[in-house]
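Trainee: I have a new structure on my screen and would like to learn how to read it. Could you take me through a few features?

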Amino acid sequence: MDIWKIIKREISYKKYGFITGILSLIIATAGFIGAIILLRSDEIATEQMFIQKEKELKEEMLKLEDDYRLIMRKMGYNVLIIHKDQSLAELEQKGYPTTYLNFDDVWKIAESGIKTLNHLLPVLQEKVYWEERKIEIFLTGIQGQVPVYSKPGHLTQDHEYRSPIMERVPEGKADMGEEIAILLNLRPGDKIKIKGELFEVNRIYPRKGTKDDLNIWIPMDKAQKILNRKGEINGILALECVCATEMLGQLKEEVKAILPHTQVFEFSSLIAARADVRKRAAELHKKIMSDEVAHQLKLRNEKEKLASILVIILIAGASVWIFFLVMNNVRERRHETGILRAIGFKRYQVLKIFLGKTLLMGIIGGILGSITGLWLGVLWSDIDMTISGFQKVINLSVILPGLLLSPVIALAAGLIPSVMAANNDPATMLNEQ
Amino acid sequence: MVLQVSGLKKSYRTGKDKEVKAVNDVSLEINKGELVSVNGPSGCGKTTLLLISGGLLYPDSGEVYLNGINLYAISPEKRDKERSKSIGFVFQQFYLVPYLNVLENILIPSIVSDSFSDLYEIRAKELISQFNLTGRIHHKPGELSTGERQRVALARALINKPEILFADEPTGNLDDENAEIVLKYISDFAENGGGVLLVTHDKRISSQAHRSFKMKDGRFI
């Protein structure tokens, strides 16, 4: 015979109270665990949604940048570096720079590590009278794009551009605009002579409606020879880096720092406008994302508040119910407690009888409540049913508080009536008829 | 001498400025093998005397010696132990635990004892046999007659082999036949060397006591 036997016998004798006590604890524990699981799975789902959205946004922005880069490339060079003494009015009037740079200047930029420019193309261009064909043309010497070493991603292993805006002109050949070709009835493969130098027509560029339609591109060394500008160029065409379009001022300062005797002429406001649109789109996306985050946080706070209130009500309900159950039990067993004390039971032994019962109630309520809470939580939430998804939501940090909550509620609620029972005066209880 | 009670006083307040002297300067001695009865009408202080003598109720003044130990001069824990070791109680209402069977009810005192539970079980079965309860061993109190219930209560009181038995109206709820049986067991206990303090309002019982006191208004008269 021991105290646990007394507890077990009393429980089976008064099943109703014990079962309703357990039920109240199951509801409180299940509510607690269920709320945690639902909130946690909701949090994970929101996090995953954000991650997905951010990923989509990133992809969208990358695509936008690719599109933008493509547009930029298609539109051609948008920066011209010319001598600082070059009059822009004269440039506008004549259509080509009339002051000259040293050819090595382009290498100084290429090797400087500059980040704000791509696709450097040194040019020597003048408007000349083509005596052999009796026509005024723009004659341009090019040597292909100079590799910008700070942008290795754009270059092949041989330091050639993967996708140059303008192809180099092979030795002994000439490329030309469509206007000239039509005017002079020239086709690829035809032989032409410019100022005594022989060239074979290589490529004919489709009409653009610009002065390029009246342009003939030849290798740089031939142009320098024909134009008597050995080792000289009169401009460096370049493409602004997409990443730097919002920093136009910075580009000018960087070039000036490398080549103090130059000035930068940026001639594509359309691209700048597009960059601005892109920037605004990015900002809008960011704002939408941050608004969404704030909205989700607000929603989450409200859900947490609601869940807390619900759980508090359930816990309070269970506590009150158990308090009254134990209180009633203590009242009903006054004579029993009295005789136990008379027989020699110590106060702590009487306390053990009542608290042992509530503890048992708490343990059973905790286990069943945790199982119910887990089941309902899994049923109502959108948990990823893989093992890792399951572990993210359901782990010891959820189950342990649930298992402990119920015994704590039961013991706390049953403590006062149990102490009252233990402290009752046996003489008074036995003297009651 | 098993019990020595001297100069016991106990009073209760029943209302504003109203004091009832439940026990008023009572002294009593009970020797081994002696059955002492105290009778008197209801409310004369018999039960209060029994509860004080049994170490359950502090007196206002006076002393209670059980086997030479002053019960109210020792700690409550030691008093609990003394009570479980040396005293048995029987009440008119039996106070059996309703959800335990006969054997388990009788074994309850074993929980607070230092002895081996097997020895208790043997002793409990002896008492069950002695009190003609063998066929009722697994019955709950609700399934027993009142006489059987009181016999179970008596067996529970005797399981620890106490030196003194305190019986408060042990036959109060019993018919004559069962009252005789219970009284016989109580007398047997005294004959076997135990002390008995029996309080009752039934004058017939007093005739079986070795000594008998009449009580009125808290005093022996």
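**Reading burial and contacts**

Mentor: Gladly! In chain A, 34% of the 433 residues are buried. A residue is called buried if 20 or more other C-beta atoms lie within 10 Å of its own, exposed if 12 or fewer, and partly exposed in between, with C-beta atoms placed from the backbone. This is a predicted model, in which local features need pLDDT of at least 70 and side-chain atom pairs count only at pLDDT 80 or more, while totals for chains, interfaces and linings use all residues. Residues are numbered from 1 along each chain as its sequence is written, and chains are lettered from A and ligands numbered from 1 in the order in which they are written.

Trainee: How many helices and strands are there in chain A?

Mentor: Helices (H or I, at least four residues) and strands (E, at least two) are DSSP runs, numbered from the N terminus. Chain A has 13 helices and 11 strands.

Trainee: Where is A:Lys127 found, and why does A:Lys127 count as partly exposed?

Mentor: A:Lys127 belongs to strand S3 of chain A, residues 117–130. A:Lys127 counts as partly exposed because A:Lys127 has 14 C-beta neighbours inside 10 Å.

Trainee: Which residues does A:Lys127 touch, leaving out those up to four places away in sequence?

Mentor: Two residues are in contact if their C-beta atoms, placed from the backbone, lie within 7 Å. Beyond those sequence neighbours, A:Lys127 touches A:Lys94, A:Gly95, A:Tyr96, A:Glu136 and A:Phe138.

Trainee: And in chain B, how many residues of helix H1 are buried?

Mentor: Helix H1 of chain B, residues 46–53, is mostly covered, with 8 of its 8 residues buried. After H1(B) comes B:Gly55, with a positive phi near 75°.
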